[in-house]
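Me: Hello! I'd like to understand some of the terms used for a structure that is new to me.

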Amino acid sequence: MQACPKTCWRQGIIIALAVVVGALATGCAPAPWVSGGPRVGVDRDGTTARPGIDIEALEQRIHQLANHERVKRGLTPLAWNPVVHQVARRHSRDMARRHYFAHLSPEGHDLAYRYSQQGFVCQIQVGSAVYMGSENIYETSLYEARDYVGEVVTRTYWKDLETIAQTIVKGWMSSPTHRRNLLEPSWQTHGIGVAISGDDRVYATQDFC
């Protein structure tokens, strides 16, 4: 994970995974910081609290924005798959709880394993290949920036729901690997899962089938 100085703009981190029979491809690239949304100051006495983010609403907004990218390119929108959604959300929660960022869990469990644990099978025939699923993940911060005096946070500039959703989708679209996943014509459904850690990190997972 990229180190960040004491006062800085936070950038998202993204990784894409595509699973095809006989082939495994991964990619990672930094995502640009995307401006937008209100800047809410939080004084050191804590009178203004960390914002409450409606996770389900955020997941649905990412779903809408991802499909907007597909539709404006003449692609079929992806249906919301409740089982795949649960797979994605559990992976994001696990990353947030155990503070890692990867397609593989600390035990080495991958997307195929997570699908199997939910009794879900993805098999899409594309020519001679069978697509078994794909995954994009993204990590960013709940805040835009923080001001410090020494080691003390004096002000935090929080992001709103719309800013977070747009940051994630624009981040995926800015990376060739993630863009290919999101715009793959063969995918029919997907699920979005988001979790926010206690240290203000936002984890998003997008799983496809």
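Me: Is the crossing of α1 and α4 left-handed or right-handed?

Reply: α1 passes α4 in a right-handed crossing; a crossing is right-handed if the near helix is turned clockwise from the far one by less than a right angle, and left-handed if anticlockwise. This is a predicted model, where local features need pLDDT of at least 70, side-chain atom pairs count only at pLDDT 80 or more, and totals for chains, interfaces and linings use all residues. Residues are numbered from 1 along each chain as its sequence is written, and side-chain values use heavy atoms, leaving out hydrogens and water.

Me: Why are α1 and α4 called oblique to each other?

Reply: The axes (lines fitted to C-alpha atoms over the stretch in contact, with angles from 0 to 180 degrees between N-to-C directions) of α1 (residues 55–71) and α4 (residues 161–174) cross at roughly 40°. Angles under 35 degrees count as roughly parallel, over 145 as roughly antiparallel, 65 to 115 as roughly perpendicular and the rest as oblique, so α1 and α4 are oblique.

Me: What makes cysteine 122 and cysteine 209 a disulfide?

Reply: Their sulfur atoms are 2.1 Å apart, and a disulfide is a pair of cysteine sulfur atoms within 2.5 Å, so cysteine 122 and cysteine 209 qualify. The count by this rule is one disulfide.

Me: Are cysteine 122 and cysteine 209 buried or exposed?

Reply: Both are buried, meaning under 20% relative accessible area, with exposed over 50% and partly exposed in between (1.4 Å probe, protein chains only).

Note on methods. Helices (H or I, at least four residues) and strands (E, at least two) are DSSP runs, numbered from the N terminus.
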